[in-house]
Amino acid sequence: QVQLVESGGGLVQPGGSLRLSCAASGSIFSIYTMGWYRQAPGNQRDLVATITSGGFTNYANSVKGRFIISRDNAKNTVYLQMNSLKPEDTAVYYCKADFAPTRWSRDNAWGQGTQVTVSS
């Protein structure tokens with residue numbers, strides 16, 4: 001079983017910055033893509049950014065140029081640096097990992113979510 005533990009959310013003023021972290025632990029043979037998604041009240045869960053084990057990144061258009069995703073493969077941890085935050089970035093942010101529990105299997109896991117609120 002794999003657990004993803006997120007941290008770093010909170011309340012920030014418009015234009016401010018936050019850094020989210022997500023650490024994976026448990027029965028992991030290898031982790032492939034890790035990513036961040038967000039869900040605002042009444043909305044579906046949307047992709048924010050993903051990063052492969054090789055470092056290739058993908059961003060939602062709404063966050064390009066403001067958010068930076070990175071990862072530390074040795075620590076099984078993914079980060080999301082969020083800059084120039086806007087009120088519309090307010091949401092619960094979820095971490096996701098696509099991983100192999102064993103050499104011959106594939107699975108994915110979600111974190112519990114961390115609230116990010118951008119407000120003056």
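This note goes through the packing around a few residues of the structure above, point by point.

1. The structure is a predicted model, in which local features need pLDDT of at least 70 and side-chain atom pairs count only at pLDDT 80 or more, while totals for chains, interfaces and linings use all residues. Residues are numbered from 1 along each chain as its sequence is written, and side-chain values use heavy atoms, with hydrogens and water left out.

2. Ser 21, which belongs to strand S3 (residues 18–26), is buried at a relative accessible area of 18%, where buried means under 20%, exposed over 50% and partly exposed in between, with a 1.4 Å probe and protein chains only. Among its contacts beyond four places in sequence are Val 5, Trp 36 and Tyr 79. Over the face of Tyr 79 lies Arg 19, at 4.1 Å from the ring centre; a charge sits over a ring if NZ of Lys or CZ of Arg is within 6 Å of the ring centre and within 35 degrees of the ring normal.

3. One aromatic pair is counted, under the rule that rings of Phe, Tyr and Trp (its six-membered ring) have centres within 6.5 Å, with planes under 30 degrees apart called stacked, over 60 edge-to-face and the rest tilted. The rings of Tyr 37 and Trp 110 have centres 5.0 Å apart and planes at 65°, so the pair is edge-to-face. The pair joins strand S4 (residues 30–39) to strand S10 (residues 107–110), across 73 residues. Tyr 37 is buried at 16% relative accessibility, whereas Trp 110, at 35%, is partly exposed, and the charged end of Arg 45 sits over the Trp 110 ring, 4.7 Å from its centre.

4. Lys 96 in strand S9 (residues 91–100) has contacts that include both Tyr 37 and Trp 110.

Definitions and conventions. Helices (H or I, at least four residues) and strands (E, at least two) are DSSP runs, numbered from the N terminus. Contact means heavy atoms within 4.5 Å.
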